[in-house]
Amino acid sequence: MALLHVHRLSTEVGSGPAPVRAVQDVSFSIEAGQTLGLVGESGCGKTMTARSIASLLPADARVTGGEIIFDGQNLLALPEAGMRDIRGHRIGFVFQDPSTSLNPVYTIGMQVAEPLRQHLGLSRRNARERATELLARVGIPSPRLRLDDYPHQLSGGMRQRVMIAIALSCTPRLLIADEPTTALDVTIQAQILELIQELSSETGTAVLLITHNLGIAAGICDRIAVMYAGQIVETGAVDNLFYTPKMPYSWGLLDALPTLSDDERLVPIEGGPPDLGTAIEGCHFAPRCRHVRPVCRQSEPALSRRGTGHDARCHATEPEGWLR
């Protein structure tokens, strides 16, 4: 059984007659020690999916259907007290912006030690010692001295390393990393991603990496799930997604990637994503697709098998010649 199995998860934001259907029938699985990349444009539902798993939704959002089975347990059936025992202990979360996620009035040492004391019952002294080890493990120099620093005294890269130390403090079975390299320079990005890979390899921690950067996903992930307008539209091994994509939206994302060749021009995806507060007929990507056909506007395609471990949500199939 997969460590995490998300089955037909749906999440809505807002109230009234037309709530935003931010996540729609999303399904995927992650094995222990595996890294799954959740990729797509901003606003496609990646972060809302992650927050649904960790029960960290904003006040105006709610899960409306589906199951989230983690380590054999349905998280949606747990009360908040049960989720607090799991969140930060068995599921670690690295937020997108460490400058807003770290509490500015508490020292780094207090914030790293908090989950150790709460979930593992360590004494103040032992938690401080363990916090020092964690900061050293994530590459922060002079870790014992940094325990008494406040977040504003650290650089962006250092704050992100602190967030990773907090997320991994109790050796979680699942790490959810939401755009962990946002606003960091490329050198620090590489260091952060290498750190996540190393820790996952050493501890067997499964990783759900949320990113809009396909290059990052290709370098760190075992599998990739592509999201568009609240849905999973393609999923498969990294090589499958990059070399034999089966869904036009995936092709569009790849065509928009810069290359080292001066001869190739970037090809943007025309138009914008649909309004998720209104009913959508047919394929969600049809209004922007260069290969659209009448059936695409009439019926919504199902996520169907296109190869070993490779699924795509598209009416096109190889024998019909709708390929890139």
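Let's start at threonine 182, which sits in the loop between strand 7 (174-178) and helix 8. Helices here are DSSP runs of H or I with at least four residues, strands are E runs of at least two, and both are numbered from the N terminus. Threonine 182 is partly exposed, at a relative accessible area of 33%. On that scale, buried is under 20%, exposed is over 50%, and partly exposed is in between, with a 1.4 Å probe and protein chains only. Threonine 182 is 25 residues from glycine 157 in sequence, and their C-alpha atoms are 9.8 Å apart.

A word on the model. It is predicted: local features need pLDDT of at least 70, side-chain atom pairs count only at pLDDT 80 or more, and totals for chains, interfaces and linings use all residues. Residues are numbered from 1 along each chain as its sequence is written, and side-chain values use heavy atoms, with hydrogens and water left out.

Two packed helices are described by the angle between their axes and the distance between the axes. Helix 7 covers residues 156-167 and helix 8 covers 186-203; their axes come within 10 Å and cross at roughly 15°. So helix 7 runs roughly parallel to helix 8. Axes are lines fitted to C-alpha atoms, for helices over the stretch in contact, with angles from 0 to 180 degrees between N-to-C directions. Under 35 degrees counts as roughly parallel, over 145 as roughly antiparallel, 65 to 115 as roughly perpendicular, and the rest as oblique. The crossing is right-handed, meaning the near helix is turned clockwise from the far one by less than a right angle.

Which residues of helix 7 meet helix 8? They are Gly157, Gln160, Arg161 and Ile164. Across from them, helix 8 supplies Ile188, Gln191, Ile192, Leu195, Ile196 and Leu199. By class, this contact has six nonpolar residues, three polar and one charged. Contact means heavy atoms within 4.5 Å.

Keep an eye on Ile164. In the largest nonpolar core, of 58 residues, Val162 and Ile164 touch the most other members. Helix 7 gives this core its largest share, seven residues. A core here is a set of buried Ala, Val, Leu, Ile, Met, Phe, Trp, Tyr and Cys residues joined through side-chain atoms within 4.5 Å. Neighbours within four places in sequence aside, isoleucine 164 contacts Val94, Val138, Ile192, Leu195, Ile196 and Leu199. Another core lies apart, with 33 residues, including Leu9, Val23, Ile68 and Ala225.

Next, glutamine 111, in helix 4 (residues 108-120). Buried or exposed? Glutamine 111 is buried, at a relative accessible area of 11%. Not counting residues up to four places away in sequence, glutamine 111 touches Leu102, Asn103, Tyr106, Pro151 and Ile166.

Now helix 1, residues 46-53. Six of its eight residues are buried, so helix 1 is largely enclosed by the rest of the structure. Those six are Lys46, Met48, Thr49, Ala50, Ser52 and Ile53.

Last, backbone angles. Just after helix 1, serine 55 has a positive phi of about 55°. Serine 142, in the loop between helix 5 (124-137) and helix 6 (143-146), has phi near 45°. Alanine 229 has phi near 50°, in the loop between strand 9 (223-228) and strand 10 (231-237). Serine 142 is partly exposed at 45%, whereas alanine 229 is buried at 4%.

Methods. Nonpolar A, V, L, I, M, F, W, Y, C, P; charged D, E, K, R; others polar.
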